[in-house]
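Morning, everyone. I'll take a few minutes on one model, going residue by residue. Have a look at it first.

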Amino acid sequence: MDHLAVACGVSGDRLRRDISYTLEDSTPFGMRFGGEFTGKWNVPKMWDRLYRELDVPGRRRAAAAFNALNRWKKRGVALV
């Protein structure tokens, strides 16, 4: 996924968010998210909320700063 994001010139988080199902979508197997199922698919809304409340970009900057100062010990942040 990250390789594709780099090739497309976008962040991996943005790509993951943009390709997630919305209420108007249906799966290749015919499962629908909209219509009478509206309100039961909250993944995009929760993704946005967690990304904002957890301050993912700020945590990534902090991890990068830590990694620059430490040769052997490394930190990272993932939202999946």
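A word on elements: helices (H or I, at least four residues) and strands (E, at least two) are DSSP runs, numbered from the N terminus. With that, T27 sits in the loop between α2 and α3. Housekeeping next. This is a predicted model, where local features need pLDDT of at least 70, side-chain atom pairs count only at pLDDT 80 or more, and totals for chains, interfaces and linings use all residues. Residues are numbered from 1 along each chain as its sequence is written, and side-chain values use heavy atoms, with hydrogens and water left out.

Back to T27. Is T27 buried or exposed? T27 counts as buried because its relative accessible area is 14%. The cut-offs: buried is under 20% relative accessible area, exposed is over 50%, and partly exposed is in between, with a 1.4 Å probe and protein chains only. Leaving aside neighbours within four places in sequence, T27 is in contact (heavy atoms within 4.5 Å) with Y21 and F33.

Next, S20. The loop between α2 (12–18) and α3 (43–53) holds S20 as well. S20 has a relative accessible area of 19%, so S20 is buried. Which residues does S20 touch, leaving aside neighbours within four places in sequence? They are D25 and P44. A polar atom of the S20 side chain also lies 2.9 Å from the backbone oxygen of R17. That is a polar contact: a pair of N or O atoms within 3.5 Å; within protein, one must be able to donate a hydrogen and the other to accept it, and residues adjacent in sequence count only if both atoms are side-chain atoms.

I19 is in the loop between α2 and α3. I19 is exposed, because its relative accessible area is 53%. I19 and N70 are 51 residues apart in sequence, and 35 Å apart in space, C-alpha to C-alpha. N42 is in the loop between α2 and α3 too. At 38% relative accessible area, N42 is partly exposed. From N42 to F66 it is 24 residues in sequence and 34 Å in space, C-alpha to C-alpha.

Last stop, L54. L54 lies in the loop between α3 and α4 (56–69). Its relative accessible area is 35%, so L54 is partly exposed.

That's my tour. Over to you.
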